[in-house]
Amino acid sequence: MKDVIEDVDRWIADGAQVAIATITATRRSAPRPPGAKMAINNRGEVSGMVSGGCVEGAVIEVADKVLTGAAPQLLTFGIADEEAWDVGLPCGGEIDVWVERFQP
Amino acid sequence: MSVHEDFAQIAREDGRAALVTVVRGEHLGEKLLVQPDGTSEGTLGDPELDAQGKADADDLMWKESSEIRGDLFIDVTAPDPRIVIFGAVEYAQHLSALARVCGWRPYVVDPRARFATPERFPDALGVVAAWPEEAFEQLGALDKATYIVILTHDPKLDDATLLTVLAADVAYIGAMGSKRAQADRRERLVAAGVSEADQARISAPVGLDLGATNARETALSIMAELAAVRHGREGGRLCNAKGKGRIHAEAKAKA
């Protein structure tokens, strides 16, 4: 929680809606551990990361849906080794990410 | 205020807590906040699930690891780990510096006020010139996230510290000393009525086997052992490890 809290506080003070994406599990090797977070607001701003950059886009899409009323969701991303190398995730691996609205 | 916000507030204050969330199945998104004293807030929507969540939270908040268990995700926030170093000696200076670099919170304790000065330990978050019991009154109680390193080279002070910390549930107790010093210490502790089981909780001599030849390297070997203990590792070379080349830990949970 500490990794994104400053930005989340600032956004909420500013009247924004905030979604939080949290890594819940990793399989094989992954760059960030369970608990690592990324925060997304309804103005398109982002804080923190859940991978080295290749799944963030998909997480943001789901976060936008959650912020417009969709139920929270548990996502799974498999990261193929060759693909991962291209986008800066040399460790490969697979991560689960829980996306929900932050209720202040 | 929501349970989510209360968890955020504990994180802001650098406190300890676990937020349990149902991430699969019925009751999706329901939350339960559990604190170290066992109190909780919110519900997962089912008393059995709440009991399960509480038990998992209580376990993981002290392991300081967030994990999925069944349909529950247990998200942990915790302060940086605390090292209390007894003995305001040169090793303690290097160990506090390394601890800060690694994101730990070092404190130094020594009743010998001439040694235990903040000037000698610029990296320590606190320097206390007092005997162990009094020191913990100032530093806050011993808990399962406190690491104790004893470097005093003074049998009287070593023993007083060991007797105090063995009475509590701490993450780690390490004591420096030669084989001879260890044997003497063991005899004194037996005489003081310390059980075999409690003796076995003392890591002595402290540190990993780095072949350290100066005080800085010795401090590094101690810091390395602390990190290994914290992460449940033995501390060998990665190139010799099983599953060669795997550096990041895998999540223990079966998702």
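Hi everyone, let me start with a strand in chain B that is covered on both faces. In β5(B), Leu72(B), Ile74(B) and Val76(B) on one side, and Phe73(B), Asp75(B) and Thr77(B) on the other, are all buried. Buried here means that 20 or more other C-beta atoms, placed from the backbone, lie within 10 Å of the residue's own; 12 or fewer is exposed, and in between is partly exposed. Strands (E, at least two residues) and helices (H or I, at least four) are DSSP runs, numbered from the N terminus.

Some housekeeping before I go on. This is a predicted model, where local features need pLDDT of at least 70, side-chain atom pairs count only at pLDDT 80 or more, and totals for chains, interfaces and linings use all residues. Residues are numbered from 1 along each chain as its sequence is written, while chains are lettered from A and ligands numbered from 1 in the order in which they are written.

Back to our strand. β5(B) covers residues 72–77, and six of its six residues are buried. So who are its neighbours? Two strands count as paired if DSSP finds at least two bridges between them. β1(B), residues 17–22, pairs with β5(B) in the antiparallel sense over six bridges, and Val20(B) has Ile74(B) as its bridge partner there. β4(B), residues 67–69, also runs antiparallel to β5(B), joined by three bridges, with Arg69(B) partnered by Leu72(B). β4(B) and β5(B) form a hairpin with two residues between them, and Gly70(B) in that turn has a positive phi of about 65°.

Now follow β1(B) to another partner. Four bridges join β1(B) to β2(B), again antiparallel, and here Val20(B) stands opposite Leu32(B). β2(B), residues 31–34, is also covered on both faces: Lys31(B) and Leu33(B) are buried on one side, Leu32(B) and Val34(B) on the other. β2(B) goes on to pair with β3(B), residues 40–43, in the antiparallel sense over four bridges, where Val34(B) has Ser40(B) as its bridge partner. Those two strands make a hairpin with five residues between them, and Gly38(B) in the turn has a positive phi of about 90°.

Let me zoom out to chain B as a whole. Chain B has eight helices and eleven strands, and 40% of its 255 residues count as buried. An automatic or database domain assignment supplies the domain bounds, dividing chain B into domain 1 (3–77) and domain 2 (82–230). The centres of the two domains, taken over C-alpha atoms, are 33 Å apart.

On to a helix, α8(B), residues 215–230. How far apart are its end C-alpha atoms? They are 23 Å apart, which agrees with the 22 Å that its 16 residues should span at 1.5 Å a residue; the expected span is 1.5 Å times one less than the number of residues. The buried residues of α8(B) are Thr218(B), Ala219(B), Ser221(B), Ile222(B), Met223(B), Glu225(B) and Leu226(B). These pack against β6 (82–86), α3 (90–101), β9 (146–150) and β10 (172–175) of chain B. Two residues count as in contact if their C-beta atoms, placed from the backbone, lie within 7 Å. Just after α8(B), Gly232(B) takes a positive phi of about 70°.

What does Leu95(B) touch, not counting residues up to four places away in sequence? The list is Ile85(B), Pro106(B), Val149(B), Ala219(B), Ile222(B) and Met223(B).

That brings us to the core. A nonpolar core is a set of buried Ala, Val, Leu, Ile, Met, Phe, Trp, Tyr and Cys residues joined through C-beta atoms within 7 Å. The largest one has 93 residues, and those with the most contacts inside it are Ala21(A), Ala18(B), Ile85(B), Leu95(B), Val108(B) and Val149(B). β1(A) gives the most to this core, with six residues. The core also draws at least three residues from each of domain 1 and domain 2 of chain B. In soluble globular proteins, nonpolar side chains tend to be buried together.

Finally, chain A. Chain A has three helices and five strands, in the order α-β-β-β-α-β-α-β along the sequence. Of its 104 residues, 41% are buried.

And where do the chains meet? The contact takes 24 residues from chain A and 25 from chain B. On the side of chain A that touches chain B, β1 (18–27) and β5 (93–101) of chain A each supply at least two residues, and β1(A) gives the most, with five. Thanks, everyone!
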